[in-house]
Amino acid sequence: MVWMIEVKTAIAREHEFDVLFVDSEFGQLPFKGQHIQEWARTAQVLSYAVVPMSEDAAPFYAVRGLSKASQKGYSEFVVKEVLPHIEAADVTCRFSTGRQFRRAWDAYLAKRREATGLPPLIVADWIGDAILVELFLPDDADVLVLDEVPAVHRTFETFFTGKLRRHNAVHDAMALRQGYINHKAELAKQEGA
């Protein structure tokens, strides 16, 4: 697996991959000074979404079964901004354990591989979203993190209208896909100038 493939390399090799945009929501962000991989091992994932490059392909949206008791350790931001929108997209899998999530994740990736014949390129806008599934990726997967790409940030500022809700993992992954497309267009325009 190649971590942090460069954007221009990913775009040039896009035809070699099943490009999948990911986003997650979780109970707490890493605390100051906490290593991201340490956080990922203990993070309470609330939802995880995968949106393929093709808008015709079905997304994957896994949501943890939530109870009032399980919400005690969540940040105030999660309670106010994430939980109200967690059901704003169609859920394809509900899970209460990591094992249940893993089975659903593996089944989705297997269906994608069968449909495309290609290894996944996981595209995230934050390294944490990629690290959460690092152990579940096939050896031939690559990862692209678009955390400092202006076109992605601009897209996130304008994407969420109507029924599209910020901090719903599916909708955030859709915004990331659009940001990637916008970034590709900007690069093509720069190269043509």
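Predicted model: local features only at pLDDT ≥ 70, side-chain atom pairs only at ≥ 80, totals over all residues.

Q: Is arginine 13 buried, exposed or partly exposed?
A: Arginine 13 counts as partly exposed because its relative accessibility is 28%.

Q: And which residue does arginine 13 form a salt bridge with?
A: Glutamate 16, with the closest N and O atoms 3.0 Å apart. A salt bridge here is a side-chain nitrogen of Lys or Arg within 4 Å of a carboxyl oxygen of Asp or Glu. Glutamate 16 is partly exposed too, at 32% relative accessibility.

Q: How many salt bridges does the structure hold?
A: Ten. One of them joins arginine 102 and aspartate 106, at 2.9 Å from N to O.

Q: Where do arginine 102 and aspartate 106 lie?
A: Both lie in helix H4 (residues 98-116), four residues apart, which is about one turn of the helix. Helices (H or I, at least four residues) and strands (E, at least two) are DSSP runs, numbered from the N terminus. Arginine 102 is partly exposed at 31% relative accessibility, and aspartate 106 is partly exposed with a relative accessible area of 31%.

Q: What does arginine 113 form a salt bridge with?
A: Aspartate 140, with the closest N and O atoms 2.9 Å apart. Arginine 113 lies in helix H4 and aspartate 140 in the loop between helix H5 (127-131) and strand S6 (142-145), so the pair ties together parts that are 27 residues apart in sequence. Arginine 113 is partly exposed at 31%, and aspartate 140 is partly exposed at 36%.

Q: Which residues do salt bridges with shared partners join into one network?
A: Arg13, Glu16 and Asp142.

Q: OK, switching to the sheet. What's the strand order?
A: Six strands form an open sheet, S4-S3-S2-S1-S5-S6, with mixed pairing. Two strands pair if DSSP finds at least two bridges between them. The edge strands, each pairing on one side only, are S4 (93-95) and S6. Neighbouring strands are turned by 20 degrees against each other on average, direction ignored.

Q: How many bridges join S2 to S3?
A: Four, between S2 (residues 45-52) and S3 (residues 60-64), and the two run antiparallel. Tyrosine 48, for instance, has alanine 62 in S3 as its bridge partner.

Q: Which strands does H4 touch?
A: H4 packs on the sheet and touches S1 (18-26), S2, S3, S4 and S5 (120-124), with its direction at about 0 degrees to that of S2. Contact means heavy atoms within 4.5 Å. Axes are lines fitted to C-alpha atoms, for helices over the stretch in contact, and angles run from 0 to 180 degrees between N-to-C directions.

Q: And what about helix H7?
A: Helix H7 (residues 169-192) lies across S1, S2, S3, S5 and S6, running at about 140 degrees to S1.

Q: How many helices and strands are there in the protein?
A: Seven helices and six strands.

Q: Last one: how much of the protein is buried?
A: Of its 193 residues, 47% count as buried.

Notes
Residues numbered from 1 in each chain as written. Heavy atoms only, no water. Buried < 20%, exposed > 50% of the residue type's maximum accessible area, 1.4 Å probe, protein only.
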